[in-house]
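Here are my notes on this one, as numbered points. Have the model open while you go through them.

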Amino acid sequence: MRSMFCFVLLSAVLFSACDKDVGSLTVTYTKAIAIYDDLAEIRATPLVEAARTVENPGKIFVGEDFLLIGEEGKGIHVVDNRDPRNPTPLHFLNIPDSREFYVHEQTIYAESMYDVVKINIENIDQAVLESRAEFALADQINGENGEVLVGFEYEEVTETLDANSDVHNVWKDDQRTYYFDYQQNIIPPSTLPSSFVGTSSGQIGTANRIAYAADHVYVVGLTTMTTLRDNGALEWTSSQRLGGDIETVYPYEDKLFVGTRQSMMIFELNDPANPTLTSTFFHGTGCDPVYPEGDLAYVTLRTGDVNDCPGNVNALVVVDVSNIRQPEQVKEIEMISPFGLSKVNDRLYVGEGKNGLKIFDLDNPRDPQLLAYIEDIEAYDIIAGVHHSNLVLIAGLEGLTYYEIEGTTLTLLSEFLY
């Protein structure tokens, strides 16, 4: 049996209101229909399959020997990266309903529906699912006859909504896209686009929702952070409700930096099983990757159209975190549409999305100075090249590009397009 669950796409066609007196409104939007299936059978899905075409890319890992490219909701593509001039598909890791993953040494940690899974990739051609923390991310949701909810299928519908409808009220009052969760609570969608670099063998990207530190795995959702211990097998230890609009998590030394649309939260890991919130630095509303470096943290704040990030600030912000209990802003630099950022060869690279790439001099880390603005490179996240220091890999919406660096000049080396 199927039950209804819906999200509203505010860019859909909006028809005229049917009855202003009662507040009804006729709209065309996308409705999601719940899918029920055998969860045990899904969990038993064979892991390694033949290579397939990248259709809806997500998180990316950059290694010396291979790339891992997430396929939203389905798994991970494995690509031979030994020659960065010629990346070649190898095979596919089937991880049902997976959108986020993180790589630490020879292990992938990935979400999979209700669970978090641990995959050994010491031999990437014979990856093995070593452990599964069942229901680590959510409790099982059943239909009326006990079937397990495993996903949704979507269709466009036109309906008349009355004044008491949450959909009607969202449409009327707030011109942004909203989704509904399993309990019909309104939540905003993730504002991190596909094709974000997650990690590399030498560096961590700034757009992760999963992180590893001190033998523990941390997974952030929209409102919560879930902690799992890895002592061979994954074991859930705690979940903390942090508020709303969580975007990213970044491990650094003995701390976690959690970026939200309104703040940067700093957690100490004296007890890794129970991260302790030490301080919160509030900033203007905007999407918020965080890159810690020594006693400073570089934060990009981005706003967009009504279907992206709310707010009115587009900036690179430098925050002094030497006093972890009282972070202090020391610099704000106006930007256009900043996304991910990374330090490469003592310079700060900041992706401006479709608006290009900016390179800042960090001779004075507290006062970055713009060295170059390259408008014809679409950049959403940046990772230093793992093969040698004068390589940089940049993620755009159409794929990955390797560039050789000479001063502030970037020369295209190769592309892996989707």
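1. A definition before anything else: two strands count as paired if DSSP finds at least two bridges between them. With that in hand, take strand 11, where Val 128 is the bridge partner of Asn 120. Strand 10 (residues 115-120) and strand 11 run antiparallel, and 5 bridges join them. Keep in mind throughout that this is a predicted model.

2. Some totals for the protein chain. I see 35 strands and 2 helices. Of the 418 residues, 57% are buried. Among contacts between residues at least 6 apart in sequence, 49% join residues at least 24 apart. The exposed surface comes to about 18000 Å², with carbon and sulfur atoms supplying 44% of it.

3. On to the rings. How many aromatic pairs are there? The count is 5. One of them is Tyr 109 with Tyr 212: the ring centres are 5.6 Å apart and the planes sit at 15°, so this pair is stacked, the cut-off for that being under 30 degrees. Tyr 109 belongs to strand 9 (residues 107-112) and Tyr 212 to strand 16 (residues 210-213), so the pair ties together parts that are 103 residues apart in sequence. Both are buried: Tyr 109 has a relative accessible area of 2%, and Tyr 212 has 13%.

4. Phe 339 and Tyr 380 make another pair. Their ring centres lie 4.7 Å apart with the planes at 70°, so I'd call this one edge-to-face. Phe 339 is in the loop between strand 27 (328-334) and strand 28 (341-344), while Tyr 380 is in the loop between strand 31 (369-374) and strand 32 (381-384), so the contact ties together parts 41 residues apart in sequence. Phe 339 is buried at 8% relative accessibility, and Tyr 380 is buried too, at 6%.

5. Phe 339 has Arg 302 over its face, at 3.8 Å from the ring centre. Elsewhere, Arg 43 lies over the face of Phe 135, at 4.7 Å from the ring centre.

6. Strand 25 (residues 296-301) deserves a look. Is it mostly covered or mostly open? Mostly covered: 6 of its 6 residues are buried. In a regular strand, side chains alternate between the two faces of the sheet. Here Leu 296, Tyr 298 and Thr 300 point one way, Ala 297, Val 299 and Leu 301 point the other way, and all are buried.

7. Finally, the partners of strand 25. Strand 24 (residues 290-293) runs antiparallel to strand 25, joined by 4 bridges, and Pro 292 stands opposite Ala 297. The hairpin of these strands has 2 residues between them, and Gly 294 there takes a positive phi near 65°. Strand 26 (residues 315-320) also pairs with strand 25 in the antiparallel sense, over 6 bridges; in that pairing Thr 300 stands opposite Leu 316.

How values were computed:
Residues are numbered from 1 along each chain as its sequence is written. This is a predicted model: local features need pLDDT of at least 70, side-chain atom pairs count only at pLDDT 80 or more; totals for chains, interfaces and linings use all residues. Side-chain values use heavy atoms; hydrogens and water are left out. Rings of Phe, Tyr and Trp (its six-membered ring) pair if their centres lie within 6.5 Å; planes under 30 degrees apart count as stacked, over 60 as edge-to-face and the rest as tilted. Buried means under 20% relative accessible area, exposed over 50%, partly exposed in between (1.4 Å probe, protein chains only). A charge sits over a ring if NZ of Lys or CZ of Arg is within 6 Å of the ring centre and within 35 degrees of the ring normal. Contact means heavy atoms within 4.5 Å. Accessible areas come from the Shrake-Rupley method with a 1.4 Å probe; for residues, only the protein chains shown count as cover.
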